[in-house]
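Trainee: I would like to learn how to read sheets and helix packing in a model. Where do we start?

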Amino acid sequence: MDTGSIGWIAGSFAVALLVNGCAAAYKAINNLQMEIERGATSWFSRCFVWVTGRPAVFAVFLRLSQVACTAVYIGNLMRMASNGWYLAGGLAVFVSVAWGMAGICFRLYPLPMLKGACLLLVLPYTLLYPLTHRIGCLLGMPQSAFETADDYADEVVEESLNDLRENYDASPEYSAEGRMVQNVMELRKFKVRDCMVPSAEIVQAAYEMPLDELVRLFTRTGFSKIPIYKDQPNKIAGYVHAYDLFREPSPTSIAEIIRPIHAVPETIAAGVLLKEMMEKHKSIAAVFDANGNVSGMLTLEDLMEEIFGEIEDEFDVEESASFRPAVSAVKLEI
């Protein structure tokens, strides 16, 4: 018995299982799942996006792998199987298992199965990338499903809206969910200067302010965080959290409890800032203009309200439509 042929048959069969399963899983994954993985920062997700992020290249790679492993399997099977019935049986097993069963198994859990398979495919995919990319170009296949990441995200949101329309057409559930999806899409387009609290409306305290005056300021405004400036109001040095006023040992000056503030330019997208603040666990940000002066402030609640609408708690009071709070911070709870 030719042990070499057996090894080639087993190897090609295993590769066929992996490649055909990946093809089935890739078709089963929706665009929303792909967009979530595209935004992730883990090396696992980056590997997955590198392999699957170019539809034309990935499709050519899968097709070439399928042809190669099928040719190797059939060639070595013909060398070993002198009887036509054995050859037919081997081909039947290959088609039913490597093509049929692999696709069914991978479709049950398409995303985790495909992400795991990408770890095995990343090396051969990278080595064959120049060839598969060139073949994709010669065939006139689009190298990306969308021209840019922004276009991709817009398409994903539009598909989500269409799904909501189909499932909740003219219903209260659709009205609420549809608005939230639309708000998320708009948040990516807005700059922070479009939704920030202007500097003229910010309640802030001087770096040299005594703590007893700062306590009265917290009590009067009801805010849990107050920005601190040095020298002049447009030079924010940080912020103070009301919680720090009551810690042990008791602080004696603002210098002991001031916290660094997250600084962002006016031109950053509101959606990018929201993601950045959530990843870095920041709840307040100072918006700076091109000259390095503070032009406004934003809290995490401000950005969330752009999506979900006005968020009120038991400390909010009814206000006139013409009044806008100085900073939409979470109210101090004692």
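Mentor: With pairing: two strands count as paired if DSSP finds at least two bridges between them. Keep in mind that this is a predicted model. The chain has 334 residues, and its secondary structure comes to 11 helices and 7 strands.

Trainee: In what order do the strands of the open sheet with S2, S3 and S4 stand?

Mentor: In general, strands of a sheet pair through backbone hydrogen bonds, either parallel or antiparallel. Here 3 strands make an open sheet, ordered S2-S3-S4, with mixed pairing. S2 (205-206) and S4 (236-241) are at the edges with a single partner strand each, so one side of each has no neighbour in the sheet.

Trainee: In which sense do S2 and S3 pair?

Mentor: S2 and S3 (residues 225-229) are parallel, over 2 bridges.

Trainee: Which helix lies across S2, S3 and S4?

Mentor: Helix H9 (residues 211-221) does, running at about 135° to S3.

Trainee: Which residues of H9 are buried?

Mentor: To read a helix face, ask where the buried residues point around the axis. In H9 the buried residues are Leu211, Leu214, Leu217 and Phe218. Their arc around the axis is only 110°, which puts them on the same side of H9. S2, S3 and S4 are included in what covers these buried residues. Thr219 and Arg220, on the other side of H9, are exposed. After H9 comes Gly222, with a positive phi near 80°.

Trainee: How are the strands S1, S7, S6 and S5 arranged?

Mentor: These 4 strands form an open sheet in the order S1-S7-S6-S5, again with mixed pairing. The edge strands are S1 (197-198) and S5 (262-265), each pairing on one side only. S1 and S7 (residues 294-299) are antiparallel over 2 bridges, and Pro198 stands opposite Gly296 in S7. Helix H10 (residues 270-279) packs on this sheet, touching S5, S6 (284-288) and S7, and its direction makes about 160° with that of S5. Helix H11 (residues 300-308) also packs on the sheet, where H11 touches S1 and S7 at about 70° to the direction of S7.

Trainee: At what angle do helices H4 and H6 pack?

Mentor: For a helix pair, read the angle together with the axis separation. H4 (residues 55-80) and H6 (residues 110-138) pack at about 100°, with axes 8 Å apart. That angle makes H4 roughly perpendicular to H6. On the H4 side, the residues that meet H6 are Val57, Phe58, Val60, Phe61 and Leu64. The H6 residues they meet include Leu114, Leu121, Pro124, Tyr125 and Leu128.

Trainee: What share of the chain is made up of buried residues?

Mentor: Buried residues are 39% of the chain. Among contacts with a separation of 6 or more, 64% come from residues 24 or more positions apart. The accessible surface is about 18900 Å², and 60% of this belongs to carbon and sulfur atoms.

Terms used:
Residues are numbered from 1 along each chain as its sequence is written. This is a predicted model: local features need pLDDT of at least 70, side-chain atom pairs count only at pLDDT 80 or more; totals for chains, interfaces and linings use all residues. Side-chain values use heavy atoms; hydrogens and water are left out. Contact means heavy atoms within 4.5 Å. Axes are lines fitted to C-alpha atoms, for helices over the stretch in contact, and angles run from 0 to 180 degrees between N-to-C directions. Buried means under 20% relative accessible area, exposed over 50%, partly exposed in between (1.4 Å probe, protein chains only). The arc is that of the directions from the helix axis to the C-beta atoms. Accessible areas come from the Shrake-Rupley method with a 1.4 Å probe; for residues, only the protein chains shown count as cover. Angles under 35 degrees count as roughly parallel, over 145 as roughly antiparallel, 65 to 115 as roughly perpendicular and the rest as oblique.
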